[in-house]
Amino acid sequence: MKARVHVTLKYGVLDPQGKAIAGALGSLGFPGVNDVRQGKYLELDLAETDAETAREQVKAMCEKLLANTVIENYSIELV
Amino acid sequence: MKAAVVVFPGSNRERDIALALERASYTKPAYVWHGDTELPAGTDLVVLPGGFSYGDYLRCGAMASLSPVMRAVKDHAARGGYVIGVCNGFQILAEAQLVPGVLMRNASLKFVCRDVHLKVEATDTAFTAGYRPGQVIRVPVAHAEGNYFADDETLNRLEGEGRVAFRYCDEAGEVTAAASPNGASRNIAGVFNDRRNVLGMMPHPENMTEAVVGGTDGALLFDSLAKALA
């Protein structure tokens, strides 16, 4: 079973990289991009086959290491 | 003072800080590998040096904060033992939740490497007793992720409890946004834990301890520790 994890900065937390990307898009002639938020994407290959157990495991991994929950949110997708 | 300098894969300031400790205390610190599970017996002070532990993968300090030695460092801190983390060491302390807050990408997006001025905010601690209250000192910074962030409630608590160690300021001691190299909340350059036996700071006092390199303002921090832990 695979888990896809997205880690993003919480809204309200300054994202200078996202701002730089938004600025670059504007200067490349792509108008109308109001805001860009940059995040991380992680793909985990799990031995666990039970979806509910796998979700619990990945949640624990996110809380302990994969995300810093002071400033980041995470979402988990199992495939 | 028995000091232990923890070396992570990717640390690069461990010798600078060991020299500063030796100059202040006339005792060579021990180097401790990140995979060790114990500190040398009788360790008074643990130092987490600057550098790029674990290549800064995932987030600065995140992997190092979970390495085997950090359990011993946490126990040491819980017993009231002293810990200082500088630069990447500060990031590790924050990730390990030994000090509150996080270090984010510099607001300028640039790696900043230059001298800055700091206002010494708290002088009733083992780390800063040698400074005068409000003293303005000059030390270098070298980091890309030193933008200190915590929510307002945490910042208010830190200020109310005298746990802000240093703030970025200009040469005259004015705390202005322009004087901050990284956009840190309320210009915070260093913070203590609740018992003030753990200090995390972004600037490098260990690189300003000899007149030959441009100043000795950083030496007072190590002198203060050597005196407190004599």
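I took contact as heavy atoms within 4.5 Å. Axes are lines fitted to C-alpha atoms, for helices over the stretch in contact, and angles run from 0 to 180 degrees between N-to-C directions. Helices (H or I, at least four residues) and strands (E, at least two) are DSSP runs, numbered from the N terminus.

This is a predicted model, where local features need pLDDT of at least 70, side-chain atom pairs count only at pLDDT 80 or more, and totals for chains, interfaces and linings use all residues. Residues are numbered from 1 along each chain as its sequence is written, chains are lettered from A and ligands numbered from 1 in the order in which they are written, and side-chain values use heavy atoms, with hydrogens and water left out.

**Chain A: the sheet**

I started with the strands. I counted two strands as paired if DSSP finds at least two bridges between them. Chain A has an open sheet of three strands, in the order E2-E1-E3, and the pairing is antiparallel. From one strand to the next, the twist averages 20°. E1(A) and E2(A) run antiparallel and are joined by seven bridges. I found Val7(A) opposite Lys40(A) in E2(A).

**Chain A: helix H2**

Next I looked at what lies on that sheet. H2(A) lies across E1, E2 and E3 of chain A and runs at about 155° to E3(A).

Which residues of H2(A) are buried? I used under 20% relative accessible area for buried, over 50% for exposed and partly exposed in between (1.4 Å probe, protein chains only). The buried ones are Ala54(A), Val58(A), Cys62(A) and Leu66(A). Seen down the axis of H2(A), they fall within an arc of 80°, so they line one face of the helix. The arc is that of the directions from the helix axis to the C-beta atoms. These buried residues pack against strand E1 (2-9), strand E2 (39-45) and strand E3 (72-78) of chain A. Glu52(A), Glu56(A) and Lys64(A) are exposed, on the face turned away from the buried side.

I also checked the length. H2 (residues 51-66) of chain A spans only 19 Å between its end C-alpha atoms, while a straight helix of 16 residues would span 22 Å at 1.5 Å a residue. That expected span is 1.5 Å times one less than the number of residues.

**Chain B: the sheet**

Chain B has five helices and 11 strands. Nine strands form an open sheet with mixed pairing, in the order E2-E1-E3-E4-E11-E10-E9-E6-E7. The twist averages 25° from one strand to the next.

Helix H1 (residues 14-25) of chain B packs on this sheet, touching strand E1 (3-7), E2, strand E3 (45-48) and strand E4 (82-86). Its direction makes about 175° with that of E1(B).

I then followed some pairs. Strand E6 (residues 112-120) of chain B pairs with E7(B) in the antiparallel sense over eight bridges. Val116(B) has Val139(B) as its bridge partner in E7(B). E6(B) also runs antiparallel to E9(B), joined by four bridges. There, His117(B) is partnered by Cys169(B).

**Chain B: overall**

Of the 230 residues of chain B, 59% count as buried.
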